[in-house]
Amino acid sequence: MNRGTIIGATGGLIAGVSLATLALAAPSFALFGNNAASVAASAAGQFAAPMAAQQMRWGNYNNLADLVEKVTPSVVQIDVREPGQARMMSGRNGNPFAGTPFGEFFGLPDGVDPRNGGDVPDQRGTGSGFFIPGGYIVTNNHVAGNASKMTVILSDGRQLSGKLVGADAKTDLAVVKVEGKDLPQGLPWGDSVKARPGDSVFAMGSPFGLSGTVTSGIISARGRDIHSGSYDDFIQVDAPINQGNSGGPLFDTAGQVIGVNSAIYSPSGGNVGIGFSIPSEQARNVVEQIISHGSVQRGWLGVQIQPVTPEIASSLGLSTARGAMVNAVTAGGPADKGGIRDRDVILSFGDRPINHLQDLTRAVADTKAGTVKDVKILRDGREQTLRVNIQPLTDDDKTTKIADKSDAGDKPGQMKMSDLGLSLAAGDDGVVVASVKTNSPAEDAGIRVGDKLVMVNQTAVNSTDAAKKAVDEARKQKREAVLLQLQREDNKFFVGVPFSGG
């Protein structure tokens with residue numbers, strides 16, 4: 001099976017290379033664009049909404065064409081230029097296809113050699129955006145965030161210079177400002193919370209530079225996490241979206257914006273009916289902060305967390321895999337001062353239940369600094385509530401470097417745990433994993449040779465005998481899995497390892 005790609009919707013040319021070509025080499029989840037698709041012939045009947053629902057600030061619409069006609073002037077094309085970056089590739093002028101029929105489409109112009117100090121052409125791209133009240137334009141960060149020059153093209157053909165007000169990489173949103181007379185009316189925000197799978201939606205933008213393109217479809221799913229950031233909560237739609245649609249609006253049958261188009265899933269770079277839009281509930285808050293402060297202010301809890309897998313839930317006695325498990329607590333941070341410890345499972349934050357990691361991440365981010373929140377945790381099999389004073393987030397998230405996977409055979413002095421599929425040994429700084437059996441529960445859990453064993457079932461261990469005793473205790477309690485806390489380089493994490501019975 002071919003692996004799909006998440007593609008950014010910026011379209012156009014980058015240093016003379018078509019983005020349709022670059023999309024083939026895009027990372028697993030990039031940002032995307034839009035494709036022109038035909039609207040159903042009987043659109044009026046197919047997408048008709050109750051008159052009461054359509055009696056919004058935009059008025060009544062007898063059919064889809066009336067709605068599109070009203071929205072179109074507020075949607076813009078954004079042409080951007082970014083400073084080019086030299087690519088060191090083999091071949092003439094860094095062109096791996098030099099001397100082939102494809103040579104003219106790749107590489108740098110004649111006489112340009114970045115290795116000898118030659119100029120590098122600017123990167124060029126095309127995205128979309130839409131007006132909101134006040135002359136502001138909403139778009140994606142990957143469209144406008146790094147632009148050295150922006151040209152905003154209105155539906156009537158006018159071209160205005162755009163100025164970046166601010167951008168937020170974590171949610172892929174940006175705000176652009178233009179000056180001019182008789183600017184289009186701003187589109188109203190809709191309520192994405194009420195949007196349901198099956199609801200009719202419409203996407204508009206400039207796929208491949210084709211401005212004013214509208215496509216129709218339905219909401220396919222809610223709350224999608226495409227691993228593009230910590231705050232993923234995308235609306236999935238099947239309305240055709242292609243390169244160049246990034247930043248364009250996703251609107252409902254009342255002409256209200258319920259999402260900002262941001263990415264597509266594609267194995268080839270083209271539309272396959274799986275697009276992702278940032279919900280208006282999230283976008284509106286971010287946009288308002290950018291306009292007011294030039295940046296986004298978020299709350300900070302001061303913990304490293306990981307998902308509660310079914311194996312971890314089983315080892316803790318939880319009936320379902322829910323909550324966020326604390327790997328580590330930042331010394332002196334809000335969580336530390338509030339009494340949260342590593343190995344706690346956070347079950348709720350304020351009045352918001354925590355079922356997945358993103359629930360906690362978004363709940364904390366949405367909390368104003370200085371606010372005290374009740375945090376319900378599970379510790380040693382008992383639930384308790386702590387009060388934590390949330391502080392402002394000032395630093396970017398740290399990235400974790402993961403070592404390459406390795407395996408090794410058992411050696412003298414190792415303690416073998418066959419039903420877990422690993423062996424332990426005494427190291428200079430405690431107990432370490434000496435070997436991991438191929439296709440074992442330990443391998444499936446992601447354990448690697450060299451990992452330091454910190455805890456077994458929330459009990460600290462400093463010897464192989466202590467580790468064996470804690471594992472044996474889990475067997476006596478007839479648990480289906482044992483909970484291990486491991487440390488890899490500077491990062492701690494928990495895994496639930498089921499007993500195999502071997």
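# Briefing on a predicted protein chain

The protein chain has a secondary structure of 11 helices and 31 strands, and the model that shows them is a predicted one. Of the 502 residues in the protein chain, 48% are buried. Among the contacts with a separation of 6 or more, 63% are between residues 24 or more positions apart. The points below take up some of these arrangements by topic.

**Aromatic pairs and a charge over a ring**

- The count of aromatic pairs in this structure comes to three, and one of them joins Phe 130 and Trp 189, whose ring centres are 5.9 Å apart and whose planes stand at 80°, so that the pair is edge-to-face.
- This pair links distant parts of the chain, since Phe 130 belongs to strand 5 (residues 123-132) while Trp 189 sits in the loop between strand 10 (173-177) and strand 11 (200-205), 59 residues apart; both Phe 130 and Trp 189 are buried.
- Phe 234 and Phe 276 form an aromatic pair that is also edge-to-face, with 6.1 Å from centre to centre and 70° between the planes.
- Because Phe 234 lies in strand 13 (residues 234-237) and Phe 276 in strand 16 (residues 275-279), this pair ties together parts that are 42 residues apart in sequence, and Phe 234 and Phe 276 are both buried.
- A charged side chain also meets a ring in this model, for Lys 177 lies over the face of Tyr 136, at 5.3 Å from the ring centre.

**The largest cavity and its lining**

- Two cavities of 30 Å³ or more are found when the whole structure is searched, and the largest cavity holds about 50 Å³ of space.
- The lining of the largest cavity is made of Met 417, Leu 420, Leu 422, Leu 424, Val 433, Ile 447, Leu 453, Val 456, Ala 467, Val 471, Leu 484 and Leu 486.
- At least two residues of the lining come from each of strand 26 (422-427), strand 28 (452-456), helix 11 (464-476) and strand 30 (481-488).

**Val 471, a residue of the lining**

- Val 471, which is one of the residues lining the largest cavity, lies in helix 11 and has a relative accessibility of 1%, so it counts as buried.

- Helix 9 (residues 357-365) is mostly covered, with eight of its nine residues buried, namely Leu 357, Gln 358, Asp 359, Leu 360, Arg 362, Ala 363, Val 364 and Ala 365.
- The cover over the buried residues of helix 9 includes strand 17 (299-300), strand 18 (303-307), strand 19 (324-329), strand 20 (345-349) and strand 21 (352-353).
- Val 286 is part of helix 6 (residues 280-293), and its relative accessibility of 4% is the reason why Val 286 counts as buried.
- Apart from neighbours within four places in sequence, Val 286 is in contact with Asp 168, Thr 171, Leu 173 and Val 296; between Val 286 and Asp 168 there are 118 residues of separation in sequence, but 7.8 Å in space from C-alpha to C-alpha.

Note on methods: Residues numbered from 1 in each chain as written. Heavy atoms only, no water. Phe/Tyr/Trp six-rings, centres within 6.5 Å; stacked < 30°, edge-to-face > 60°. Helix = DSSP H or I, 4+ residues; strand = E, 2+ residues; numbered from the N terminus. Buried < 20%, exposed > 50% of the residue type's maximum accessible area, 1.4 Å probe, protein only. Lys NZ or Arg CZ within 6 Å of the ring centre and 35° of its normal. 1 Å grid on protein atoms, 1.4 Å probe; cavity = no way out; pocket = protein on both sides within 12 Å on 5 of 7 lines; lining within 4 Å. Points joined across faces, edges and corners; volume = space filled by probe spheres on them. Contact = heavy atoms within 4.5 Å.
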